[in-house]
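Subject: Structure for your files

Hello,

Here is the structure you were expecting, with the sequence. My notes follow below it.

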Amino acid sequence: MKTIMMSTRVVRVPVLLLALACAGAVAAQDQMNPRDQVNPEVRTQSCAQVDIDWNLELISQYPRIPDACHEVVTSNGVKWARFEANFVRVNQDGSVTSDFHAPNGRSVGRFTLMPAPGQMVTLSGRKVEFSSLRPNQQLSMYVPEGATGLSFEPGVPPQQHGRFVRYEEPTPEPVQFARADPEPRYDTRLPDTAGPLPWFALGGVLSLLGAVGLRVGRRNR
């Protein structure tokens, strides 16, 4: 009987240690920084890899919207197209104008957004008012699949979405024409290939004529 009880105690000790180790691992997992834990509900893919159903009304009014899509964020089964833009200004009517650009950096145009009541910008996890933004500050914006509204973080309910109100075509880059080469100037001077010999010959001929003239003049005297 003692032998059986001892063997039971020997078995229980490893089991207890194993249970404590598992509990410690679970506690350590819970204490990890939430940023280090990957949310399996959120996935990001490029716009070329994911088919997204754009709202027909949005596309008909702003056909260049798909060109500005940088990636597709899937959150809780909903696809959100993410855009990047540089803040320009807050207009007198409360609308916000930003320059949208494609993934290759080219300008897609200048869009003006009318924010929803109380809507704010999300920067590094903080809510910021539009009036606090600086010119050229980069913003991330999201449009849910099949919708016309726009938010500054995925998962926001529709009543907190802003709406596009105006679009301006990108300013065309100035065309630089190649400068034509000036017309060649031709040198009218004769080449100095003969050297000074012709001048010496001419001087000799003139001297000879002068001598002949002197002799003729003496004879006539």
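Strand E4 and strand E5 (residues 107-114) run antiparallel and are joined by six bridges. Strands here are DSSP runs of at least two residues (E), numbered from the N terminus, and two strands pair if DSSP finds at least two bridges between them. Val96 has Leu113 in E5 as its bridge partner. The two strands make a hairpin with five residues between them, and Gly105 in the turn has a positive phi of about 95°.

This is a predicted model, in which local features need pLDDT of at least 70, side-chain atom pairs count only at pLDDT 80 or more, and totals for chains, interfaces and linings use all residues. Residues are numbered from 1 along each chain as its sequence is written, and side-chain values use heavy atoms, with hydrogens and water left out.

E4 also pairs with E3, in the antiparallel sense, over five bridges. Phe87 stands opposite Ser98 in E4. The hairpin of E3 and E4 has five residues between the strands, and Gly94 takes a positive phi near 95° there. E4 itself (residues 96-101) is mostly covered, with five of its six residues buried. Buried means under 20% relative accessible area, exposed means over 50%, and partly exposed is in between (1.4 Å probe, protein chains only).

Next, the charged side chains. There are six salt bridges, each being a side-chain nitrogen of Lys or Arg within 4 Å of a carboxyl oxygen of Asp or Glu. Among them is Arg82 with Glu71, whose closest N and O atoms are 2.7 Å apart. That pair links distant parts of the chain, with Arg82 in strand E3 (residues 78-90) and Glu71 in strand E2 (residues 69-75), 11 residues apart. Arg82 also meets Glu84 in a salt bridge (3.1 Å, N to O). Arg82 counts as buried at 12% relative accessibility, and Glu84 is buried too.

Another group is a salt-bridge network of Arg64, Asp67 and Glu169. Within it, Asp67 and Arg64 have their closest N and O atoms 3.8 Å apart. Both ends are partly exposed: Asp67 has a relative accessible area of 42%, and Arg64 has 27%.

Last, the aromatic rings. The count is nine aromatic pairs. Rings of Phe, Tyr and Trp (its six-membered ring) pair if their centres lie within 6.5 Å; planes under 30 degrees apart count as stacked, over 60 as edge-to-face and the rest as tilted. Ring pairs link Trp54, Tyr62, Phe83, Phe100, Phe111, Phe164 and Tyr167 into a cluster.

Regards

Methods. Helices (H or I, at least four residues) and strands (E, at least two) are DSSP runs, numbered from the N terminus.
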